[in-house]
Amino acid sequence: METLKSLLDYFPMAVYTGNCLVFISENWRIELTEHQDNDYSKGEGTPAIIRVRFFKIALNGDVIPGHYEDFQIPILGELAEQIEKYIQMAVGVNLKEII
């Protein structure tokens, strides 16, 4: 969870729930969760996997699950930059306009 907590510094508009970072607007719910790679042959120095999941909020308020993508970039600044770029491309607007 350390990587996820560190990403909160890069995404101050997100809410940390204890399990994930959440971006929410009237149209989208985007969750960032942290997972550890269970392949023990890689050694202990491998970075955590950050999963970005998209949910579309329907007009009636239902949350519809969408796609997700996993990121495993060791440099925190680069990880945050690539996640932000991916979110913006997936929803078609600037991340700050989503929130």
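Strand 3 and strand 4 run antiparallel and are joined by eight bridges. Strands here are DSSP E runs of at least two residues, helices are H or I runs of at least four, and both are numbered from the N terminus. For two strands to count as paired, DSSP has to find at least two bridges between them. Within this pairing, I30 has F54 of strand 4 as its bridge partner. Keep in mind that this is a predicted model, where local features need pLDDT of at least 70, side-chain atom pairs count only at pLDDT 80 or more, and totals for chains, interfaces and linings use all residues. Residues are numbered from 1 along each chain as its sequence is written, and side-chain values use heavy atoms, with hydrogens and water left out.

As a reminder, strands of a sheet pair through backbone hydrogen bonds, either parallel or antiparallel.

Here are the other pairings, each with a pair of residues that stand opposite one another:

| Strand pair | Bridges | Opposite residues |
|---|---|---|
| Strand 1 and strand 2 | two bridges | Y16 and L21 |
| Strand 2 and strand 3 | five bridges | C20 and T33 |
| Strand 4 and strand 5 | seven bridges | F55 and P65 |

Now for the turns. The hairpin of strand 1 and strand 2 has three residues between the strands, and G18 there takes a positive phi near 100°. Strand 2 and strand 3 are also joined by a hairpin, through three residues. In the hairpin of strand 4 and strand 5 there are five residues between the strands, and G61 takes a positive phi near 95°.

Strand 2 is mostly covered, with four of its five residues buried. Buried means under 20% relative accessible area, exposed means over 50%, and partly exposed is in between (1.4 Å probe, protein chains only). In the loop between strand 2 and strand 3 you'll find S25, which is buried at a relative accessible area of 17%. A polar atom of the S25 side chain lies 3.2 Å from the backbone nitrogen of N27.

T33, in strand 3, is buried too, with a relative accessible area of 15%. Its side chain makes a polar contact of 2.9 Å with the side chain of H35. A polar contact is a pair of N or O atoms within 3.5 Å; within protein, one must be able to donate a hydrogen and the other to accept it, and residues adjacent in sequence count only if both atoms are side-chain atoms. Not counting residues up to four places away in sequence, T33 touches L4, N19, C20, I49, I50 and R51, where contact means heavy atoms within 4.5 Å.

**Aromatic pairs**

The structure holds four aromatic pairs. Rings of Phe, Tyr and Trp (its six-membered ring) pair if their centres lie within 6.5 Å; planes under 30 degrees apart count as stacked, over 60 as edge-to-face and the rest as tilted. F11 lies in the loop between helix 1 (2–10) and strand 1 (15–16), while F23 is in strand 2 (residues 20–24), so the pair ties together parts 12 residues apart in sequence. Both F11 and F23 are buried.

W28 and F54 form another edge-to-face pair, at 6.3 Å centre to centre and 80° between the planes. With W28 in strand 3 (residues 28–35) and F54 in strand 4 (residues 49–57), this pair ties together parts that are 26 residues apart in sequence. Ring pairs link W28, F54, F71 and Y86 into a cluster. K56 lies over the face of W28, at 4.6 Å from the ring centre; the cut-off is NZ of Lys or CZ of Arg within 6 Å of the ring centre and within 35 degrees of the ring normal.

The predictor's confidence in each residue, pLDDT, goes from 0 to 100. The protein chain has a mean pLDDT of 89, and 88% of its residues reach 70 or more. Among its elements, strand 4 has the highest mean (96) and helix 3 (residues 95–98) the lowest (69). Where pLDDT is low, the predicted coordinates should not be read in detail.
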